[in-house]
Amino acid sequence: MEQRLSKTMQHALGIDHIDDKILRVVLESSNSPTILSDLAGKIGDLLVADVCIVVSIAAHPHSVNDLGYWRQNSAVLPHQVIEQLSYLSLGDDCIEFSTIERPSPLFNLLEPLLQSISPAASWLGMTTRFQHQTNGLVLLLKQSSWTNSERELLTKTLDSMAIAISQVQLQQQASTKTRYQNLLKKLSREISQGYQPRRLFDNCLAEICSALPVDRGTILMLKYQNPLRAKGRGKHSVKGTAKIAYQWNSQPGSGSHAEPSFSINNSALCQKAWQNAPNCLYFESDAAFPDLNNDQVHSCGTALLMMPLMGKKTSETDTAMVLGFLVLQHNAPRRWLEDELDLVDWVGVQISTAIIHHQTLNRVQSIVDERTAQLKSSIDMQAKLSAKMRQHIEQLQKLNQLKDDFMNSISHELKTPLTSMKIAIKMLRQGQISPEMREKYLNILEQEWNREYSLIKDLLTLQQVESGELNYSPQELDLNQTINNLTQFFTVKWQSDREINLVSTISEPNLKIYTDADSLEYILNELLSNAGKYCDPNTTIQLLVESHTTINNKDIVISVANIGAGITPEELPHIFDKFRRGKGVTDGAVPGTGLGLTLVQYLIEHLNGTIEVTSEPFDDEMASFLTTFVLRLPQIQPFIS
């Protein structure tokens, strides 16, 4: 006891140094809770106390006090002590002097609270005043009684403590103002960027929850069953769904983009907040939200604030619709200050504006997309109609050209034989005619009749092929014999006519093919006849027959090549068209109907084969061309029953 009194006297002698230390604590620290705890340590050590608590009394009656404490054994103060001191209100009407004495209202309030810390301890309490207002409270506890000298020593430090607590309050106010200003700047920047609401929700919740601070933040978006009725907020309730658009939690990594929903019909808080809109609904404690049983939504409290997010008014008499709520929650009781409510209100207005802007843009974009789709559909339809019209015009042009080619070919093929037949008949009617001349004119009649018969036969064959009525009777043929018969026939014909040679080559003896005999005979006759029509005199026509092995079977490849008038690149793609003949063919009196190669192509396809044609210059002067038709027929195996 003597040592403790000696220590107290030593500190009393150096009171000026103590004041200097108290003010130095304020100057050397920028964190208000730390300053208060350091001040509590200085005073507790000075008066050799067991516990020292320094409370910074908030100027506003609804604000929360800051406090710092010091304890010799470093133990933590009970939670209820911290909570009650944080919300302790000291009015000048009940405190007329610095020392808290018995009996007084403040003594009666603090006595049971401090006894919960140390039941057997005696305590000493004094208030600090700055500029004629109470701004702080110093509480000391120790096991022994307090002496007058200790009371006097604490009294002498009150002025310095009042100044120190005032500085703490100024720092706190400046820090809060700076924090709010930074929040407003960040949110203004985010909103001006025009981000999607989801991005804005994320940033707004994180910033405002950290600035206040609170433990959780939630954005609720409402969807009504009857939107028209939802505008009139009377005594009736509203039905609909609340979707959690975004959640933020003070725990790291606890932000959630999940969108669970619940019915607002069963939430009394949602109903009350909806009816209270556009004003804010808040509770300082004992408010669990959402206040319903839902496995998808976690209910938690204690302090709650629900700021309505209001829609746009369409007229002065119209009531804006509640789009949703900005919900803030804190795990412990807390007072919602006026500046905090103003800040949340500003944030709510900005979020509402962003939502309305986004919805408007979506509606405009939807209209633009719809009109664009309609315009695109109209343009596509016009393009299709134009393409169809061009197709019809091209078809009409082709049909017109086909008609002209048909009329030219048929006119030539009918007129020329008929003229020859008329002359032959006229000559045969003469009475005096030698047997040789009679035979000659009879041969002319027979040739021209065969020519007309071939024309009619080609037309009928074309009709059968196009209608699918052509018979297909496959059989095994000896290609050597077929080629030899054709070679003999055309050799005699061309030698007596234009001295054209025909050289046929077969790759292997006894070469067989299983196909339709009539179709193959017509194809080879037409290809050889066509080669003879357009080859130069005194040239040789090459007929080559080969057997090519394929992956699945064998193909018979037959090529017919001649040297003479070639086929121009422009005419080459059209040589298989009906009634299509090369330029100058009709004027050059080359016989033909323009159906031969058409029938060749049809019959080859009928036999599951292919045909290709090339026409390339034979000499440097390009006076003659080497024209080659290559026919490829599959070696189909006969079906054996």
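**Notebook: burial, salt bridges and a charged patch**

I began with burial: 42% of the 641 residues in the protein chain are buried, where buried means under 20% relative accessible area, exposed over 50% and partly exposed in between (1.4 Å probe, protein chains only). The model is predicted, so local features need pLDDT of at least 70 and side-chain atom pairs count only at pLDDT 80 or more, while totals for chains, interfaces and linings use all residues. Residues are numbered from 1 along each chain as its sequence is written, and side-chain values use heavy atoms, with hydrogens and water left out.

**Overall chain**

I noted 13 helices and 17 strands in the protein chain; these are DSSP runs numbered from the N terminus, helices (H or I) of at least four residues and strands (E) of at least two. I looked up the accessible surface, which comes to about 35,900 Å², with 52% belonging to carbon and sulfur atoms. Such areas come from the Shrake-Rupley method with a 1.4 Å probe, and for residues only the protein chains shown count as cover. Of the contacts (heavy atoms within 4.5 Å) with a separation of 6 or more, 66% are between residues 24 or more positions apart.

**Salt bridges**

I found seven salt bridges in the structure, each defined as a side-chain nitrogen of Lys or Arg within 4 Å of a carboxyl oxygen of Asp or Glu. Side chains of opposite charge can pair when their charged atoms come close.

Glu370 and Arg371 form another, at 3.9 Å from N to O. Glu370 counts as partly exposed because its relative accessibility is 41%, and Arg371 is partly exposed because its relative accessible area is 48%.

I then examined Arg632 and Asp555, whose closest N and O atoms are 3.8 Å apart in a salt bridge. This pair links distant parts of the chain, 77 residues apart: Arg632 lies in strand E17 (residues 625-634) and Asp555 in strand E15 (residues 554-564). Arg632 is partly exposed because its relative accessibility is 32%, whereas Asp555, at 15%, counts as buried.

**Negative patch**

Which residues gather in a patch of negative charge on the surface? I recorded Glu338, Asp339, Asp342 and Asp345. Patches take residues with over 30% relative accessible area and no salt bridge, like charges being joined within 9 Å. Asp and Glu count as negative, and the charge is placed at CG of Asp or CD of Glu. Asp342 is found in helix H9 (residues 338-428) and counts as exposed because its relative accessibility is 53%.

How values were computed:
Patches are made of residues with over 30% relative accessible area and no salt bridge: like charges are joined within 9 Å, nonpolar side chains (Val, Leu, Ile, Met, Phe, Trp, Tyr) within 5 Å.
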